[in-house]
Amino acid sequence: MINNDHAPILEVAGLSVSYGSFQAVKEVSFTVKPAEIFGFLGPNGAGKTSTLSAIEGLLSPVSGKISIAGYDIHKQPLHAKANMGVQLQSTSFQPELTIREIIKLYSGIYGISLPDEKLQSILNDVKLEGAATKRFGQLSGGQQQRISLVIATIHDPTLVLLDEPTAGLDPQSRRQLWERIEAIREKGHAVLLTTHSMEEAEAVCDRIAIMDHGKVIAIDTPEALIELHKNDPNVISVSRKGKITLEDVFIGLTGRTVRS
Amino acid sequence: MEPKIPKFSDAFLSLLRADFTTQWRNRRSVIMSLLLPVIILVSWKGLIDKLGGAFALSISMNIGLTAIGIMGYAISVSRDRDKGVFQRLRVTPIPTYFIMLSRLIVQLAMIALLTLFVFIVGYNYDKITLSPFGYTLTFITAFIGGGLYLGLGQLIVGLVKNSDTVNSTSRLVYIGFIILGVFGEFGLFGNALKSAIHWSPFGTVKTILSTSMEPASWNSQTTVALLATIIYAIVFSFLGIRWFKWESR
Ligand SMILES: Nc1ncnc2c1ncn2[C@@H]1O[C@H](COP(=O)(O)OP(=O)(O)O)[C@@H](O)[C@H]1O
Ligand SMILES: [Mg+2]
């Protein structure tokens with residue numbers, strides 16, 4: 001299909017996901033536009049990963065329509081998947097393979113030829129010059145994250161899905177990753193990421209959806225969400241130094257109970 | 001620019017290359033599949049005159065095939081499922097069955113390697129020779145019997161999600177098969193069990209392998225054993241695929 005710059009890259013309408021009788025995602029709808037970084041914010045167990053899994057075609061939702069670059073994930077899964085790049089929350093690659101072999105596997109799957117010099121220059125770009133012959137398990141958390149992102153974007157997809165990409169990273173690695181995510185936006189491509197870091201949501205996301213108990217309870221820009229909820233008594237009651245932050249809005253809307 | 005679906009042949013070859021590399025680096029499982037068959041051929045040298053070359057070769061191959069299907073295939077599939085290797089591949093634009101097909105091809109190559117290995121060791125060390133037709137037929141039945149064990153491996157990963165449980169279940173089935181198959185064949189556990197073992201998956205594979213080595217001895221019983229092997233393979237694979245989940249949680 002012809003890519004119209006105003007058409008959303010990702011459209012999710014009325015998505016519900018169940019595991020047995022447990023409904024993990026309830027009637028979720030949102031869109032992500034080109035050159036947009038969209039954040040899914042929610043406590044543990046909110047249904048963020050389940051929503052992404054449905055978009056990625058890893059599970060069949062109970063109901064709902066999902067299209068990626070105009071392709072329905074169920075009717076044309078391969079076309080839809082060719083347009084997306086994915087970093088799963090818990091991915092591991094075959095521990096027997098070296099980084100070079102893993103990257104070649106995925107570039108091969110996408111039909112991209114990657115001579116050794118090209119591959120080396122990609123590794124240089126992410127400051128992993130010496131990683132080609134290492135195993136994934138030998139890399140630090142931040143290095144693994146960079147490799148996962150390299151692989152997720154090896155085919156230059158128009159939609160990049162990242163599930164908690166900065167979990168467990170030190171501040172430097174996190175900043176660096178934010179810049180890489182922003183570079184994807186610079187190309188006009190869309191990013192959908194999940195996080196429970198408010199700081200991250202405020203710093204890099206153009207729009208965010210706050211999700212809790214399987215439902216999206218608010219969608220807007222971080223600024224607009226603060227503006228809209230700054231007078232909500234629940235939000236004011238949890239605010240700490242007088243100034244309302246996104247975190248106050250988040251806790252005000254999702255409650256103070258700790259989720260396991 | 002809109003990415004198109006990549007060419008399936010490129011994608012499949014990349015997958016195959018990665019799976020062969022993984023298998024090659026996993027030498028422990030390769031050695032496991034070849035070692036015990038060789039030990040049998042070597043240690044039974046004295047018995048071969050009494051039992052016949054076909055008997056020794058078929059027991060040795062049967063154990064190797066069991067190791068490939070149950071230990072090699074099932075354990076590696078469950079480990080990769082646990083690690084999320086499959087989920088990562090499933091979000092790429094390849095038909096899902098490619099993922100399993102590529103792994104099966106690696107295991108079929110292992111079966112071919114085992115068969116050659118057993119023939120060569122049997123010839124060099126035990127002076128066992130078969131007719132050209134015997135070698136050919138045995139090669140074919142090795143794949144059919146190997147298919148049965150791969151189906152059984154698939155059944156195990158279909159029934160059991162946890163990879164530690166798959167590990168212990170596979171070992172148990174493997175050792176159980178060897179003990180019952182090898183000793184039961186000598187009638188060590190009585191005649192009723194001997195007949196049950198004869199028609200068990202291990203027994204039917206043993207029958208078709210040993211008869212293929214001496215094609216002249218093929219009779220209606222062998223044909224029934226061949227059919228039974230094929231039916232076992234189909235039923236195991238069907239159920240194993242049906243119950244299979246790509247995720248371990
Ligand atoms: N495969 C599964 N089987 C059963 N329940 C699941 C499964 N995956 C997730 N859940 C449940 O669904 C809910 C949402 O999980 P998830 O989407 O992983 O949330 P999040 O990513 O926001 O932490 C949780 O209560 C979780 O326990
Ligand atoms: Mg999650």
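This is a predicted model: local features need pLDDT of at least 70, side-chain atom pairs count only at pLDDT 80 or more; totals for chains, interfaces and linings use all residues.

I took contact to mean heavy atoms within 4.5 Å. Helices (H or I, at least four residues) and strands (E, at least two) are DSSP runs, numbered from the N terminus.

Residues are numbered from 1 along each chain as its sequence is written, chains are lettered from A and ligands numbered from 1 in the order in which they are written, and side-chain values use heavy atoms, with hydrogens and water left out.

**Entry: a helix pair in chain B**

I looked up helix H7 (residues 132–159) and helix H11 (residues 220–242) of chain B, whose axes come within 7 Å and cross at roughly 25°. Axes are lines fitted to C-alpha atoms, for helices over the stretch in contact, and angles run from 0 to 180 degrees between N-to-C directions. Angles under 35 degrees count as roughly parallel, over 145 as roughly antiparallel, 65 to 115 as roughly perpendicular and the rest as oblique, so H7(B) and H11(B) are roughly parallel to each other. Among the residues that meet, I noted B:Gly147, B:Leu148 and B:Gly151 in H7(B), and B:Tyr232, B:Ala233 and B:Phe236 in H11(B).

**Entry: a helix pair in chain A**

Next I checked helix H8 (residues 222–229) and helix H10 (residues 246–254) of chain A, which pack at about 60° with axes 9 Å apart. H8(A) and H10(A) are therefore oblique to each other. I found A:Pro222, A:Leu225, A:Ile226 and A:His229 of H8(A) touching A:Leu246, A:Val249 and A:Leu253 of H10(A).

**Entry: where the chains meet**

How many residues of chain A are in contact with chain B? I got 37, against 31 residues of chain B. The buried area (accessible area, 1.4 Å probe, that two parts lose on being put together, summed over both) is about 2900 Å², with carbon and sulfur atoms giving 60%. On the chain A side, A:Leu78, A:Glu96 and A:Ile109 lose the most area to chain B, together 22% of what that side buries.

**Entry: salt bridges**

I counted a side-chain nitrogen of Lys or Arg within 4 Å of a carboxyl oxygen of Asp or Glu as a salt bridge. B:Arg79 pairs with A:Glu96, their closest N and O atoms being 2.6 Å apart.
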